[in-house]
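The entries follow the order in which I looked things up.

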Amino acid sequence: MQEQWKHVEREKKRFSAKDYAAFILPSLLGLLFFMVPIQTEDGITIPVAFLANGLNEGFAGTIPVLTVLAITISVIGSLAAYLWKPKWIMESTYWKALFYVRKNWVMTRVIGMIFAWMALLTLGPDFLTSDVTGGMLLFDLLPVLFTTFLLAGFLLPLLLNFGLLEFVGALLRKVMRPLFTLPGRSSLDCLASWVGDGTIGVLLTSKQYEEGYYTKREAGVVATTFSIVSITFTIVVISYLEMESYFLPYYATIIIAGLAAALIMPRIPPLSWKKDDVYEGTTRKTEEAIPSGTSLFRWGTTQALRKARSGGGVKATLKEGMQNVLDMWIGVLPVVMAIGTVAVVIAEFTSFFTIIGKPFEWLLMLMQVPEAEAAGQTMVVGFADMFLPAVIGSGIESEMTRFIIASVSVTQLVYLSEMGGLLLGSKLPVSFKDLVFIFLIRTLITLPIVVGIAHLIF
């Protein structure tokens, strides 16, 4: 250990001002885009989400069309890979991973394309194309994902490639491992997911998993435990339920319940059953032991400077950014369109969620929650779409019950119309069955906490 410490000291002296600049400047830009909250006319958000919304507003008529084209390209490429196996796909590691996917995902992409074209052209049955099902997915949700993926994909290397994760990871490794069973570098990932936006968190988690920094278990924990919806969307939910005056206790409740779930979920199935294996074809990148006599700050700085020195130039960063964008456009958008449409159709036009919500109705009655019968289905309908509980619960008179619905719907995290579709469409090791169990377990963990706080407030 003494020799390792001396090596660290010698190495640190060899770092130049250029190495420090390569670490500090991109990292500060990454923090600015992904982590620094800004106040806008619509509320608090982060710069990446603000810029994505600006693109959506400026090109509102074009982006849905571009989204459909991206989904169509995904299908054409996938079918070509299976039927004709062109050399430019099969002999390229990147293109093969993008297009030569499992048959069930090819079918999902095809279904997503069919739904997308039907919604764009308003062709087919109304229950698939209406503004509460396929139309909502294509014109409201997917454009946000399209622009967020575009900006976040290009900017993610600022967080990943220039030492910021290594620096923060060294500082927080003694916190993240005992509390959440995660490596220290996940702290920034978790914070970006929580404070920023869940979709950005999934993209960040997926990239680190594919590069060997997370095991299957660790990637599953981060993606399903910390990828909360943005602060802005929580404001939308509480405003829709006409509870704006309760925003501070509402968000405090989300934090308390969310942290409780984050402490418990990694230690129980299905997440605890995930293997500590890395993504196929990668080598596990473990955190080095800190030499005795070396402070966390000094060790983190050294690790960050090493990473920054090998971070690559502008051309390599832009290339990686473009690959990030294509990964999400080609791999995720058709999955979200397919799974999301089916989920909201079931929620809107069948009594499925009303029936399976009965046990929660009885549970709410046991907890002395007013209008438990009306609130029961909101506890499960959020699995289809996170905003549906607010829509269904908006007619409930009890403020306490509306507060509970707003809080639980956000802390459940997993909803198929966006986050669930993202997870299933990514390379993260999370199956549909996992998502069902995680959703239900998170609900059972957070519901008593939310109800208890609600009883104190109302």
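I worked from a predicted model, in which local features need pLDDT of at least 70, side-chain atom pairs count only at pLDDT 80 or more, and totals for chains, interfaces and linings use all residues. Residues are numbered from 1 along each chain as its sequence is written, and side-chain values use heavy atoms, with hydrogens and water left out.

Entry 1, aromatic rings. I paired rings of Phe, Tyr and Trp (its six-membered ring) if their centres lie within 6.5 Å, with planes under 30 degrees apart taken as stacked, over 60 as edge-to-face and the rest as tilted. This rule gives 18 aromatic pairs. Tyr 94 and Trp 95 make an edge-to-face pair, 5.1 Å centre to centre with 70° between the planes. I also noted one aromatic cluster formed by Tyr 246, Phe 247, Tyr 250, Tyr 251, Phe 403 and Phe 458.

I found Lys 285 over the face of Tyr 213, 5.4 Å from the ring centre; the criterion is NZ of Lys or CZ of Arg within 6 Å of the ring centre and within 35 degrees of the ring normal.

Helices are DSSP runs (H or I, at least four residues), numbered from the N terminus. H7 spans residues 103-121, 19 residues in total. Its buried residues (under 20% relative accessible area, 1.4 Å probe, protein chains only) include Val 106, Met 113 and Phe 115. Among the elements covering the buried residues of H7 are helix H4 (63-83) and helix H9 (134-160). Thr 122 follows H7 and has a positive phi, near 50°.

Notes
Helix = DSSP H or I, 4+ residues; strand = E, 2+ residues; numbered from the N terminus. Expected span 1.5 Å × (residues − 1). Buried < 20%, exposed > 50% of the residue type's maximum accessible area, 1.4 Å probe, protein only. Contact = heavy atoms within 4.5 Å.
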